[in-house]
Amino acid sequence: YQLVAIHCYRVAIHGGSVDEESTSLVSTSKMMFGTWTKPALVLENHFGCGKSLPSIAALDAEAQQITTPRIKSSAAVVEPAAGTLSRIGWTFQEASWSPTGHAFYAIGNTRGFDVTAGMLASASHPRILLAGCGDPRNLVATAAAASGGVIDFVLNDGNVSMLARDAVLLHLMATASPETMAETVLAVWSDHGLSMAHASALQTSCTALAEEPWPDWLRATAGIESGTSSATVEAPVREACRAWANCSITLEKLLLSRDAVQQPLLRAHSLRLSLEAVGGNDRKLQEEVRAFLQSGSLPNHSPLSSPNVTLLLSPSLQYTLYFSSSIVRALPLATAPHGTPLTTRLLSSLAPQLQAVAARLRSGTLNVSLVLGDILVVGADAATDARFDIDCAQTWPTTSLSRRSCRSVRRCSPARSTLECAWRAFSCTTASTRQQR
């Protein structure tokens, strides 16, 4: 709701009045109340917000202060560059955007789910934009829930390491042996330490993405509306994969880096969040979660001898993983009797989805485009008629791609994804700003 409120203020300020579109968005904001809390509860996501949400009055005051334009002596409105706009967040209330300024979100902190809410069952060749995509949890859940037909995903993130890691995980799904693919992907997705077999598969994928032609289903593009590969965007992704392939850090040093960053207080908080995510009163499961967070790796039958280099920010190879990143917060656990091992429950839930995605990648019915950059910038640079069947933002605040996207809010039924509605509802008026200039 704070996103919609800010949009309405900006339209009023820059447009001079609240027109029909703004009025529609104001009423839509009532539906948006709890954009980041209600879906979290329904989908068993855990933001840790509790009752700490700010009041509407406090948000109104903050929005007015942040969105008030700077005025020159001529009384002309001066818009800052999109990449320098302040963000409202829980930790940094007014932080200018930086892709690597705070932490590496290599593993999601919320459950992945089908962002189309089942709408792909009847869709024909849909295009889906995941802005600020993070890890591939939502792509996996969405693609696995779809029926036949081709799906095009556009993955946008400001952190090239995130896009490179997504490419590596998808490459593993497509190329790893079907018998061991799910275990390999889960290990690379979640663990600090890898077995020799998993490390070898990771090395193969990193080297292939760094040095060899990419598979037909993967490309890097200069913009969200572009279908043409861009060598300029592809180069940093290749560089990130090359740095991982050539990394010589040991598992011991990787864990020392983790321990240096995650002080006891943060580790205790991370444990609490992960235990909340698994829920229930299965003592053995809770003990396994504690052991997983302590060791940094899920239980593995083979000795862990190699570091998971994709948890390092590339190409600098620095450890900045967000303290509460945990696979049990990103992926659901399959329902099982008490005492069922943690890894078994994760694989029971994840393996069918991974197999479905792998089948799509191999058959050419799933295409992935990587778009590097701040969504505020790449969204502002997009053509005014850039359209997606689903526009989903996995970080906030974001911007809709055009005023036409905003108008489509009126057609959003309650069954549609709340995140989709939030994405369509919020706009930094990039189109109207361009017209004023």
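Residues are numbered from 1 along each chain as its sequence is written, and side-chain values use heavy atoms, with hydrogens and water left out.

**Whole chain**

Colour by pLDDT, the predictor's confidence in each residue, from 0 to 100. The protein chain averages 75, and 64% of the residues score at least 70. Select 1–51: pLDDT stays under 50 there. Select 395–437: pLDDT stays under 50 there too. Where pLDDT is low, the predicted coordinates should not be read in detail.

Switch to cartoon. The chain has 18 helices and 11 strands. These are DSSP runs numbered from the N terminus: helices are H or I, at least four residues; strands are E, at least two. Of the 437 residues, 54% count as buried. Buried means under 20% relative accessible area, exposed over 50%, and partly exposed in between (1.4 Å probe, protein chains only).

**The core**

Select M173, I327, L342 and L370. Of the 82 residues in the largest nonpolar core, these touch the most other members. Such a core is a set of buried Ala, Val, Leu, Ile, Met, Phe, Trp, Tyr and Cys residues joined through side-chain atoms within 4.5 Å. Helix α6, residues 160–175, gives the most to this core, with 11 residues. Apart from this core lies another, of 7 residues, among them L129, V371, I375 and V378.

Now zoom in on L342. Which residues does L342 touch, not counting those up to four places away in sequence? They are L285, E288, V289, F292, L298, V328 and L333. A contact means heavy atoms within 4.5 Å.

Select α7, residues 181–190. Because 9 of its 10 residues are buried, α7 is largely enclosed by the rest of the structure. W189 is one of the buried residues.

**The second largest pocket**

Select E183, H198, N300, T343 and L347. Of the 27 lining residues, these are the closest to the centre of the second largest pocket. About 490 Å³ of space lies in this pocket. On a 1 Å grid over the protein atoms alone, a pocket is an open set of points with protein on both sides within 12 Å along at least five of seven lines; a cavity is a set where a 1.4 Å probe fits but cannot get out; lining residues have an atom within 4 Å of a point. Helix α8 gives the largest share of the pocket lining, 5 residues. By class, the lining has 10 nonpolar, 14 polar and 3 charged residues.

**The largest cavity**

Helices α11 (264–278) and α12 (283–295) each supply at least two lining residues.

**A loop to finish**

Select G339, in the loop between α13 and α14. G339 is partly exposed, with a relative accessible area of 26%. G339 touches D282 and K284, not counting residues up to four places away in sequence.

Conventions. This is a predicted model: local features need pLDDT of at least 70, side-chain atom pairs count only at pLDDT 80 or more; totals for chains, interfaces and linings use all residues. Grid points are joined across faces, edges and corners, and a volume is the space filled by probe spheres set on the points. Ala, Val, Leu, Ile, Met, Phe, Trp, Tyr, Cys and Pro count as nonpolar, Asp, Glu, Lys and Arg as charged, and the others, Gly among them, as polar.
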